[in-house]
Amino acid sequence: MAVAQRALHLICMLLYLYLCFKNLTRCKKCNSLDVYNGNVFYSSNIAAKPNIASFVRLPRQPRSCSGSASLTPNSTRVIVACRLLTKASISLLLIQMSNDVESQPGPVVDRKGIKLCHWNIQHLTDSKFEEIRNLLTCPSKELFGLDILILSETFCTEKIPETFYSIPGYKVYRKDRTGKSGGGLCVYVKNSVQAERRIDLETKDVEIIWLETCPYKSKRPLFIGGIYRPPSSNAASDKSIGKNIENVSLLGREVVLLGDINIDYLCTTKFANHTFTKVLKSFNLSQLMNVITRPISRTCLDHIWCTHAERLNNVKVLNIGISDHLPIMTTRIYKRACHNKGKHSTINYRDVKHLNKDKFITALKNAPWDSAFVFDDANDTVYAWYEIFNDVVNEYLPLKQKRVKRNTQPKWFNNIIGEDIKARDKLYYKARKYQTDEDWANYRIAKNKVTKTIRNAKKNYFSDKFQENKQNPSKLWNLIKNLTNDDAGKNESVKFLTENSTTLKDKVTIAETFNRFFVDPQNNLASTSAPVEIEQTPNLDPIPHVDTTFSIPPMSKLRVIELLLSIPVHKSTGDDGISAKIMRIAAPAIAEPLSQLMNRCINTQTFPSKWKVAKVTPIYKGKGNRDEKSNYRPISVLPILSKLLERHICEHMYGFLQQRNLFYRLQSGFRKHHSTETALIRLIDQLLLDLDKNKVTGLIFVDYKKAFDLIDHQLLLNKLHNYGIQGDELNLLKDYLRNRWQYVNIDGSRSPKIEVKCGVPQGSILGPIFFLLFINDLPSEVFHSEVDIYADDTTLSHSAEVDLAPTAIETALQLDLDGIVRWSKTNKMIINAKKTKSMLVTGKRLAKKLPTKILSLQSENEDIEQVHFQKLLGVTIDQELTFDKHVEELSKKLGQRLGVLRKIKRFLPLDQRKLYYNTMFKQVMMYGATVWANCSVENLKTILRLQKRAARIILDVGTRTNSVSLFKQLNWLAFHDEVRLNKCVLAYKRFQGNCPSYINDILTSNADIQTRSSGRYSQRNLVCPRYSRVMEGGKSFQVSTCKLWNSIPPHIKTSEKSVETFKNELFNYFFHRYNDIDSFTIS
């Protein structure tokens, strides 16, 4: 084939030279040839024949004696024919040399619109992904500015999270292969394109992703489909694909379908007679791609089907040698299209790196601070203090501006990689052109070289960086996040927003829209009911008589320095523009005047207005369209100095309330020694022990709508007064709550300020303790059930004998739910009935004895949905307490983390692999494990297998390597031993007095019920309660922990050591037992 092509090239070249020589000879004989020197064009398809009659029907003229002769008609015909042959030979030669012809030849007009591309990538490996990311984000690359990229045959699985394949500036949608079937699809959509994935139009058995978009304010929806039809498709699978496409075509909208169809368009007979193509044509779809898309087989397998071919332009293929398939592209034309080119941004900063700290501190010490305290109003004093401080800061740290370049390439990308890619693509072009085995072999060598070069460049870069920052944990973790792509796109600002079908692009308008969205709903909801005065002390457990009220002590200079140095340097800057880093540097010099300022505020009961302005940044939640404001959450930042005063007040207020036992006993949120784990232990133990006593339990998971944002300030102040916070302290807190404002900041563009009339301040330190006190009296309205609270997560539980269930449970829960509804109305809180759920916990044994398992509950005449499982504080609880659902979800998440670790391990040294395990795997694995690890042995083995797989990935060994030896090498405990360790640590904290009161009640010491001081009673043992059934009461935390604690050697349980020392000794006790075993056994 290649020899024949080269022979044809040679024949065309010789013919061209011969005709040129003949024309030149004839020109020398004829001086009047210029009369006929018009342009002659060659075309393979000419609508009208050229009119040559005027050239050939000339009157005869005799030849002159001077030798100049007129052309005869025959000679004219010869000349015209020669010129036509010349042009034809040139065209044929150019076509043969180019090898490829565009599907729409002629001058290409790059009309604006939405640019679409499909690419069969043939396994999305790490190196291919890096190249694709570079192609999409680097302005000099072919795919830069592409709106939608569809990748087929990615071979991605759910084991790898979406974040690993995220690209800045693009949303990613995936449809992974299931098992070993299918190829997998991955679609990248530019953030500026308002596209929505139509999952409702997709089916599991068809590899297709549908997007709906209305770009550039178009009122006509466009459906874009990415499809992969495998070569093995049969009539049944083709019918399923056809049915799916038919459902979309029946919507009557414009459709563009791009993908690998695996039907050769260039084989006209096969294409025309294929059943699947006939089906597509029956939906009025036309195929536009008519050139080779898979050069190695010289076939056109990748197609572009559309319903309106006249609206598509610039159909072409690109010469990029990453895959055996070429990327196919087209542009859907829009008259209003406007592609904004990315611009470099500028930032304002202060150059702390080159600051002369000694001179800066000296200048601050010599500043005229006394002049700030001549004012009577604390607000004037604060403004004056800022003026003095900022004058010194501006002198030694002037505000500078610099241009920040867009990150178009990863830092490890170098010129060598770029040159290798160019060489590979040239060889790819040559192989496509001549189709010789030698050219294809050279291309494959170059392709493998690029892959190897990319891997080595990444490995060398990260190895050097890890070595350089091995003493800096923060930078090490940032490097790992860079590798795992965890933070890709998370910090991107809002580019546009859709409001009432209008696209907003002005940053100030977007910021104002966000600010109204964040503030207006809570202000409107809070004004739905009239204020209520609370005159009586909340009906809680008996409160000890308090002779004194709460008072705020003055702040000393040392206290100010301590608070300043405790502020993390990465804390965001508030509205005052002073960063935490500058405050830490200036701490020794400003501690004295700052303590004066804080004490002035305390003494005058004034919280400065400058500290009551919140700077809010909308952060994308990670799900949904980026142009919808509901998919963003507000992050509020307050001035650094305001947090100093808040922390001082909060610490003393918490101590005051804690000493007098004023917090509700089962409130576990925002309290020292309390956690989600302790809250879950109490609830699950109650459920298991009730099952052991032949009791079933009904649960109501109450959900509040915007709980923190709806706190009524007057109600809160009344409650604070009832808890002993009165006088000047209450006046200070009253001033803290009123006249608070916030604005939204987007890339330096600020919205107007809006007053926040209710709710606890977001991002504040006092906000959480205010909320605890506000909700503290909620249990006073519940008389039949137990109320477990973690912040605003409220759970009601009521148990009854199996013979009386579920009627007795339903009655009690309904009464208590009505009580919570009354409390909510009185306190102007709103229950979200749609998200409030109920569950009947029966276990496996008692489920068979119940006549019915239905709970009929209502909240204000709205039915409460009953569920079989519910996620509470991060742990999924099911009605049989098997935790099968939780283990299933956990296994999926851990499997994804291991998939990422497997991909990045070649770039990580051993220590950083361990760091990844401890932070990204172990923390997830162990969360709440003391609660749910009483599950079946099979579930425990599932988690242990994942832990073993992590060890093999980290140490890079085969699957047959003994796991015990791996754990010893890594200094790990097996999962079940880690759970035992955590249970014993919690028991040890109980003896240290570092546990909630309800954990103290669960873990009863022998010393609490015995007076003997010798023998086994002196060993600090726990009292194990009686239980009837191993699979119910025996699985409780109380029983399992008591047995485990009592089996620990006495010398480990002594009280003369810290919790960390105890944990290390117990770890060694468990770990040394691995010397005597060859495999792990779960009992």
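In which sense do S9 and strand S10 (residues 302–306) pair, and over how many bridges? S9 and S10 pair in the antiparallel sense, over two bridges, where two strands count as paired if DSSP finds at least two bridges between them. This is a predicted model, in which local features need pLDDT of at least 70 and side-chain atom pairs count only at pLDDT 80 or more, while totals for chains, interfaces and linings use all residues. Residues are numbered from 1 along each chain as its sequence is written, and side-chain values use heavy atoms, with hydrogens and water left out.

**The sheet**

- Six strands, in the order S5-S6-S7-S8-S10-S9, form an open sheet with mixed pairing; strands (E, at least two residues) and helices (H or I, at least four) are DSSP runs numbered from the N terminus.
- At the edges lie strand S5 (195–197) and strand S9 (286–287), each of which pairs on one side only.
- Gln287 has Trp305 in S10 as its bridge partner.

**Helices H24 and H26**

- The axes of helix H24 (residues 910–926) and helix H26 (residues 937–955) come within 10 Å and cross at roughly 165°, the axes being lines fitted to C-alpha atoms over the stretch in contact, with angles from 0 to 180 degrees between N-to-C directions.
- H24 is therefore roughly antiparallel to H26, a term for angles over 145 degrees.
- In contact (heavy atoms within 4.5 Å), residues of H24 including Leu910, Tyr917 and Phe921 meet a set in H26 that includes Ile943, Leu946 and Ala950.

Conventions:
Angles under 35 degrees count as roughly parallel, over 145 as roughly antiparallel, 65 to 115 as roughly perpendicular and the rest as oblique.
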